[in-house]
Structure formats: structure tokens, C-alpha cells
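Work through the exercises below with the sequence and structure in view. Try each task before you read its solution.

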Amino acid sequence: MVWFIFVSYCFIYLVYCSVGEDDGEVRAWCKANGALYQPYASARNVKNMKTAAPAAYDVVSRIAKTYSQTNHAVIYKYFLQMGAAIIPRSTNSVHMAENLDTLNWSLSSNEQKQLSETSGAKAAV
């Protein structure tokens, strides 16, 4: 009797990231190596973004208003559309519903680009 053992490696690259940070090299490495890209704390401290990164806050807020969404939802959608895996943390049922609703709308390529190019977002998280 011959036994075959298959070993499967699961790579998840967890990186601390926020809107406007250039982590393209990390995402490229993940794609090339079959790893899952997961930005850690991608929407953490959004409330501090207004003072810590006003340019990022303005772009996120404007887009949120356009879609009648929260700033958190815009940030989650931004990362989802770039192929990231996100794990929003909430125990609030209203926030959970808002998180699920991010699957029902899309950012335009121009909005995605604006969020990617927003300077100063790194200081917000």
C-alpha cells in the first residue's frame, strides 16, 4: 500500500495598512506567491482621520456621501476592490448590516484611484 501525503501551505500576509498607503509591493508579492493579502486595522480610528489625515478624511467622506455609506464602508470597499480580505470587527448589528452592504455597490475606478493617491492617510491609523 502506498500512501501519498499532500501538504498544503496557506499564506496570509497580514499588514497594517490604511487608505493612501502604497503597499503595492506587498500586494504584488502576495499575488505572485498565492498568498492572501489582508490589511490589518484598515478602518481603525477613522474618527481620528479628520485631524490626523484631513486630505484622506475629505476624500473618504465625499465618497461616503455619494453612496450614502459610512466612512468605514468606503474604506472596506476600497480594500475589497483591490483584492484584499478584510475582517471588519463589530458587535453592533447595525454596523454588521452596513459591512455586509459593501457587497452591493462599487467604487468607480476614479474613486479607487483617488483613495490610493490620498496623501497623509498613514498618520490616521
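**Exercise 1.** Decide whether helix α4 is mostly covered or mostly open.

*Solution.* Start with the count: 8 of the 11 residues in α4 (residues 71–81) are buried, so the helix is mostly covered. Buried means under 20% relative accessible area with a 1.4 Å probe, protein chains only. Helices are DSSP runs of H or I, at least four residues, numbered from the N terminus. Next, name the buried ones: Asn71, Ala73, Val74, Ile75, Tyr76, Lys77, Tyr78 and Phe79. Then step just past α4, where Gly83 has a positive phi of about 95°.

The model is predicted; local features need pLDDT of at least 70, side-chain atom pairs count only at pLDDT 80 or more, and totals for chains, interfaces and linings use all residues. Residues are numbered from 1 along each chain as its sequence is written, and side-chain values use heavy atoms, leaving out hydrogens and water.

**Exercise 2.** Find which residues touch the most other members of the largest nonpolar core.

*Solution.* A nonpolar core is a set of buried Ala, Val, Leu, Ile, Met, Phe, Trp, Tyr and Cys residues joined through side-chain atoms within 4.5 Å. The largest has 24 residues; Tyr37, Val74, Phe79 and Leu115 touch the most other members. Now look at the helices: α1 (24–33), α2 (46–52), α3 (54–67) and α4 each supply at least two residues of this core. α4 gives the most, with 6 residues.

Terms used: Buried means under 20% relative accessible area, exposed over 50%, partly exposed in between (1.4 Å probe, protein chains only).
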